[in-house]
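Reader: I would like to learn how to read side-chain features in a structure. Please take them one at a time.

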Amino acid sequence: MSQSHSPTLEGQKAKQYRRWIYQTLLVVAAATCLLIISGSPLTEAFWQAATLVPESPKMLAMKFGVALAFAAMGAGQTSTPSNEDCPSTNTAINGTPFPPLIEATLEDIVKGLESGLFTSVELVNAYSARVMEVNSTLKMVTELNPDALSIAAETDRLRANGSVLGPLHGIPILLKNNIATMDEMANTAGSYALVGARVPKDSTMAAKLRKAGAVLLGKTNLSQWANYRSSNTSNGWSALGGQTEAAYYPGQDPSGSSSGSGVASSLGLALACLGTETDGSIVSPAGVNNLAAIKPTVGLTSRYLVVPISEHQDTVGPMARTVKDAAYILSAIAGPDPNDNYTSAFPFSTVPDYVAACDYSGLKGKRLGVPRNLFMQYSDSEEYRPQIASFDASLDVFRAAGAEVVDNLHLEGPGVLASSNFEDVVLMADFVTGVANYFSELTANPLKITSLAELQEFTQGTPMEDWPARDTRIWQDALDLGFDNTSPEFWSNYTADLRYGGLLGITGAIKNMSLDALIMPTTFSSTLPAVIGSPIVTVPLGRYPDNTTVVPNQFGNLNATGPNLPFGIAFLGEHFSEEKLISLAYAFEQRTKVRNTIKPYIQPKTELVDIVDKKE
């Protein structure tokens with residue numbers, strides 16, 4: 001495809017560069033004000049200001065006002081709290097016990113709201129202050145919603161009048177920055193190519209959360225383009241959001257691509273977050289961030305107005321601190337959508353009650369298979385030995401709970417997939433089509449980018465996109481493929497995925513062995529469910545010991561392995577088996593309660609009591 005420069009594109013670029021100069025001046029001015037008002041450290045003030053650069057004078061007024069309010073709340077706080085700076089254990093509100101926000105569940109928060117202990121407005125203020133405390137260090141949130149306080153106030157008014165929209169009423173949720181909202185927030189996938197772009201309406205995921213009464217608190221950083229641009233980048237980096245780090249060891253690799261969602265959920269910066277997954281992008285960051293998360297069946301949740309990679313593999317799901325909280329969110333976002341024809345496969349007349357599936361006795365009488373050939377080759381690796389040892393020890397938990405463990409399963413399909421490029425071909429062909437379709441949906445597209453070739457041209461010509469230090473090899477490979485997902489060559493690769501990942505993989509094993517699910521370390525779990533579009537639920541399993549050798553990532557800017565890094569256990573099932581997987585995962589989670597035994601090295605200090613007390 002031609003990569004020549006068009007006059008129109010060059011003109012748009014010139015305008016964009018002039019706009020960036022203007023925005024830089026705004027950053028300097030905003031940072032100066034933040035320094036004066038909040039006493040924030042210099043680097044934090046400039047980072048906060050950069051995240052608040054407007055796209056219009058209206059955005060300047062709204063966002064800068066929010067920034068000043070949050071800065072004032074955080075006056076005198078440092079940007080990198082140490083373990084000694086951890087929140088007080090006394091988080092009671094007006095003498096009523098209430099857990100720290102890093103531990104508070106949805107049911108804790110709903111009880112507080114219903115009893116009048118605090119309001120949704122106070123909840124938004126508390127979460128927002130927590131974001132501002134750690135964002136300069138961890139860079140997990142790209143934007144706070146300037147409308148969040150007014151939305152929260154409306155939910156408080158409705159609650160006072162006896163009108164509650166559901167369990168998520170007035171509850172702040174963060175969205176990954178590839179899930180579009182039709183409001184003052186951006187949807188950029190972390191790229192300057194989508195700065196100023198507008199969508200015709202909310203994504204279906206955002207619309208369903210609003211309908212359920214949730215407060216969309218902001219957007220989280222991600223591996224740029226959901227980790228589908230570079231062969232030599234780092235998890236959690238985007239040109240717009242910078243480098244996200246996780247909170248359990250300094251410089252920790254947050255995994256990706258739902259990096260910011262993983263870190264934000266782990267620290268209690270919202271009740272929970274939405275992430276997206278093509279192959280591992282929910283469950284992998286959930287594992288390393290000590291979370292419970294659900295990667296739904298493709299077709300259970302809509303992808304409409306979510307920046308795509310693959311229509312055959314993309315899915316949207318919750319990343320939370322408990323299985324039950326994730327189940328509450330899944331209940332709100334699941335269901336058919338006429339804008340996403342894959343959801344026509346939704347097999348239920350109504351959305352299942354995923355919360356009711358949270359049953360302590362959920363493991364009793366179940367048969368669980370362990371596909372050893374997917375991970376046993378790593379048993380002697382220092383990098384993976386702690387994970388496999390913890391997994392092996394966990395099998396006694398399943399047996400004690402009444403489950404039968406069928407160990408040492410050998411799946412034939414994964415070996416074939418590992419030695420082929422079937423999945424790569426599917427993703428490349430899907431992306432060429434999908435990204436062009438997304439651009440065509442935009443109601444405002446300032447750079448007039450309409451295709452992958454033009455996107456690559458812009459990225460390579462824009463210094464802030466960090467090319468060629470971070471290449472566009474994946475895009476070039478997709479362009480060199482020479483066909484998209486409408487071509488006959490595509491279908492042979494996709495049907496091979498279904499055969500080796502399904503019949504000779506997950507679904508074949510479950511049916512042939514009369515199993516309820518497969519279980520394995522989360523690190524090794526994502527690819528088979530990815531290629532056939534089946535679900536995964538992951539929960540915390542353990543952490544790396546304190547004497548673990550620190551190993552950097554391949555890019556050299558993060559720590560991929562080190563002391564205290566969490567890891568998870570995954571439950572894999574047949575398509576649309578989320579109820580069963582949630583039941584199994586919940587029963588395991590409640591027996592082990594690993595999450596609260598693993599502490600982050602950094603966390604915000606603000607608690608709800610601080611916000612409520614300021615009001616008194």
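Reader: Which residue forms a salt bridge with Asp-183, and how far apart are the closest N and O atoms?

Author: Keep in mind that this is a predicted model. As a general idea, side chains of opposite charge can pair when their charged atoms come close. Here the partner of Asp-183 is Arg-210, with the closest N and O atoms 3.0 Å apart. Arg-210 belongs to helix H7 (residues 204-211) and Asp-183 to the loop between strand E2 (172-176) and H7, so the bridge ties together parts that are 27 residues apart in sequence. Arg-210 is partly exposed at 27% relative accessibility, while Asp-183 is buried at 10%.

Reader: How many salt bridges does the structure hold?

Author: The count is 15. One of them joins Arg-372 and Asp-407, at 2.8 Å from N to O. That pair links distant parts of the chain, 35 residues apart: Arg-372 is in the loop between E9 and helix H12 (385-400), and Asp-407 is in the loop between strand E10 (404-406) and helix H13 (413-418). Arg-372 is buried, at 9% relative accessibility, and Asp-407 is partly exposed, at 27%. Bridges can also share partners: Asp-183, Asp-202 and Arg-210 are joined into one network in this way.

Reader: What about the salt bridge of Glu-607 and Arg-130: which parts does the pair tie together?

Author: The side chains of Glu-607 and Arg-130 meet at 3.5 Å, N to O. Glu-607 sits in the loop between H20 and helix H21 (608-615) and Arg-130 in helix H5 (residues 120-138), so the pair connects parts that are 477 residues apart in sequence.

Reader: Now the rings. How many aromatic pairs does a search of the whole structure find?

Author: The search finds 19. To read one, take the distance between ring centres and the angle between the planes; over 60 degrees counts as edge-to-face. Phe-348 and Phe-576 are 6.3 Å apart, centre to centre, with 85 degrees between the planes, an edge-to-face pair. Phe-348 is in the loop between helix H11 (323-333) and strand E9 (367-369), and Phe-576 is in the loop between strand E15 (566-572) and helix H20 (578-592), so this pair ties together parts 228 residues apart in sequence. Phe-348 is partly exposed at 27%, whereas Phe-576 counts as buried at 17%.

Reader: Which residues form one aromatic cluster?

Author: The cluster consists of Phe-375, Tyr-378, Tyr-384, Phe-391 and Phe-524.

Reader: Where does the charged end of Arg-591 sit?

Author: The charged end of Arg-591 sits over the ring of Tyr-360, 3.9 Å from the ring centre. Arg-303 is placed over the ring of Tyr-342, with its charged end 4.8 Å from the centre.

Reader: How many residues does the largest nonpolar core have?

Author: That core has 127 residues, and those with the most contacts inside it are Ile-109, Phe-118, Leu-271, Phe-398, Phe-571 and Ile-582. Leu-271 touches residues including Ile-109, Tyr-127, Leu-168 and Ile-329, leaving out those up to four places away in sequence. Another core lies apart from the largest one; this core has 35 residues, among them Val-199, Ala-226, Val-307 and Phe-458.

How values were computed
Residues numbered from 1 in each chain as written. Predicted model: local features only at pLDDT ≥ 70, side-chain atom pairs only at ≥ 80, totals over all residues. Heavy atoms only, no water. Phe/Tyr/Trp six-rings, centres within 6.5 Å; stacked < 30°, edge-to-face > 60°. Helix = DSSP H or I, 4+ residues; strand = E, 2+ residues; numbered from the N terminus. Buried < 20%, exposed > 50% of the residue type's maximum accessible area, 1.4 Å probe, protein only. Lys NZ or Arg CZ within 6 Å of the ring centre and 35° of its normal. Core = buried A, V, L, I, M, F, W, Y, C linked by side-chain atoms within 4.5 Å. Contact = heavy atoms within 4.5 Å. Salt bridge = Lys/Arg side-chain N within 4 Å of Asp/Glu carboxyl O.
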